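I opened this notebook to keep track of what I looked up, starting with charged side chains.

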Amino acid sequence: MDNTEQYKNLMSEIIAKQIVILGPEIAVLKARNVPSLTVSDDGSVSEINGEPDKALQQLIDNYVELSGQIVKNALGTIFLKYPSVNKPGGYK
Amino acid sequence: MQGTALIFIIFLFSTVVVVFSLWWNFSLRKEIDRKEEDTKHRMYELAVLKELGDRISYSLNIEKIADIITGSLGQLIEYDVSAYMILEPDKVFINIDLKNPVSADFINEMRKRMFESVSALLGKDFSATKREEVTTGAIVSSEEKDIVQSFFNIPLVIGDEVVGVLTVADRRGGLYKENEMTILYKIVAQASRAVSRLREAVMKEEEKISAMIETIRDGIVMTDRDYRVIVANPSAKALAGLKKEERLTIFDIIKATEGSIDVRGRLEESMKIGRTFTIADVLVKDQVFEIFVAPVKAGVGEGIEALGGVIIFHDVSGEKAAERMREDFVSMMVHELRSPLDGIKKMGEFINSDAAICKDEGALREYMHMIYDSSSDMLDLVNDLLDVAKSEAGKFDIDPRPTNLRQIIAERIKFFETVAKSDEVELASLFGEHVPDEVFVDPGRIAQVLNNLISNALKFTAPGGKVMIQTLFHRKGTNVAAEASVAGVEWFVKDGDDVLKDHPDCIVMAVTDTGEGISEKSKGMLFNKFKQFEASAKSSKRGTGLGLVIAKAIVEAHEGKIGVDSREGVGSTFYFTIKQ
């Protein structure tokens, strides 16, 4: 799978999980605060304009800023499915 | 023509000015509205945080926080239902507050999403966990058909632990703006941080108190008002015959004290009237305790109810034993003094009553000799007791001056020569190399130490045996056994002896005998005045038994150390150091 596609799928999964944890409106709103991402109403990432790893870091940072490290901890299982993706700080 | 053009230009200019003013006005208005909204949000935030601070500043209760936040929501946003879920060890507690009537389906959907949120956070399914639910506010209406359209969840976190979730929901879609929701997340985060800090501080204090209680030698037991033990330290558990990890109950205490005190009755009375009781001399498993029973209150002052009670077991066995020893010592001392005094009195009466004895020179000399012996014994005892008393009071004075040790030893050997010959015991001395000719000591007192050691050695050595007075120089860091070997010293001092280990440069004086030796158990009692006096009183051999106690006091007054090593049935070495 193309690297950008991987990032798109990963970030879509992250947003989907945040939709469950936080609720759809706030999860999508915070994802749309990442300028390089195009996010649809259901939380799926359709486009990344810019560096995908920076976009990923910013997406996670937005959620952590909102509700703390605990939401970051809940994403560990998602990252396991994408071993080739550069994981942001704090993930092994 | 020109006039028309001018009018047109003026008209155009006026239009531009008006449009610009309107636009400027509109922008300004918008900016003011935005600032007003920001101020309103900020004030809401401050008001809720203040209320949280006032009401929960010293509370660890997350439910209270959730109640305050859900109670204040109406000031910031519109909603139909607010709810919070708290994860407890054995159940999930859900509080649902209806601002407006909603359907049962609405409530079910909201509850489902709350469970999904905590499950996603913790990777665990809580849907089957035992549940306790409270619903307040408006009614759940079967007529309402609307479902959840807008909602958001705020995780409740204390420390690093997810303890629940707070949810807000409404039937209308797209209701919640990002900045309004963000304010609520911020408020919850601040409240969580405050509670986390408080919990950390409480845990640190609890750890300190636990550590302190664990290490206290006295047994400590704290109960609640229903006599359930809530704190018990290892000493208390040991008293009741339990291991550290076992649980102590009030019945274990009753059993351990064998009914000698009414534990429950005392606790009840103590909690009721707020008084501390002291029960003296309670025997628990061969140990004597002083027991204190006191109420535990949350504060100081009248009218404060007790939270529970505390029982403290203070071991006084040692004090009782010391008291008994002191009493025995005094009794023995009085007896030892009274016996010779009694003898002297009787002999005096006898001499006085019988005129014939005064004429019989031989008989008179014998009686006078007996009176002299008795009074000498008494004087020795009194002098020894005075020396011991002075040493215990820290008033044992010495008069150090340049002294020739060889001369002192020679004088002591001469003094004991006759006794040694009579006992058929060889008495000899040895001086190692590097022992200085002069040392700075009190010659009279050092002679007294040697007198005690030599007389003991002779006393406990059988005919045909040997007593040696040996002196060597010990250098710090050097193996003293090697030094003794080089000096030709024969003794029972073990390699790595505790007294001489790491000792600075010093002279070691040792009196070694080939007598009956001393058991390990007895060695520990040799310098104890009570034990020595008792042993001497029972022994047939002469002496007060306080010689070694006094010798120790003299050596320590010279900043030296005294020690003993022995092999039973082979012999003993008593030694002491003189600092250089």
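I count a residue as buried under 20% relative accessible area, exposed over 50%, and partly exposed in between. The model I am reading is predicted.

I looked up B:E323 and found a relative accessible area of 37%, so B:E323 is partly exposed. This residue sits in helix α8 of chain B, residues 317–353.

Entry two, salt bridges. I noted that side chains of opposite charge can pair when their charged atoms come close. Over all chains the count is 33 salt bridges.

I checked B:E31 and B:R34, whose closest N and O atoms are 2.8 Å apart. Both lie in helix α1 of chain B (residues 2–56), three residues apart, about one turn of the helix. B:E31 is partly exposed at 32%, and B:R34 is partly exposed at 43%.

Next I looked at B:K91 and B:E88, a salt bridge with 2.8 Å between the closest N and O atoms. B:K91 is buried at 16%, whereas B:E88 is partly exposed at 25%.

Then I took B:E214 and B:K244, a salt bridge at 3.9 Å, N to O. B:E214 is in helix α4 and B:K244 in the loop between α5 and α6 of chain B, so the pair ties together parts 30 residues apart in sequence. B:K244 is exposed at 53%.

UniProt, in an unreviewed entry, lists residues 188–215 of chain B as "coiled-coil region". I found that stretch to be 100% helix and 0% strand, with its end C-alpha atoms 40 Å apart.

Definitions and conventions: Residues numbered from 1 in each chain as written. Chains lettered and ligands numbered in written order. Predicted model: local features only at pLDDT ≥ 70, side-chain atom pairs only at ≥ 80, totals over all residues. Heavy atoms only, no water. Helix = DSSP H or I, 4+ residues; strand = E, 2+ residues; numbered from the N terminus. Buried < 20%, exposed > 50% of the residue type's maximum accessible area, 1.4 Å probe, protein only. UniProt positions renumbered as here; feature names shortened; annotations may be inferred. Salt bridge = Lys/Arg side-chain N within 4 Å of Asp/Glu carboxyl O.
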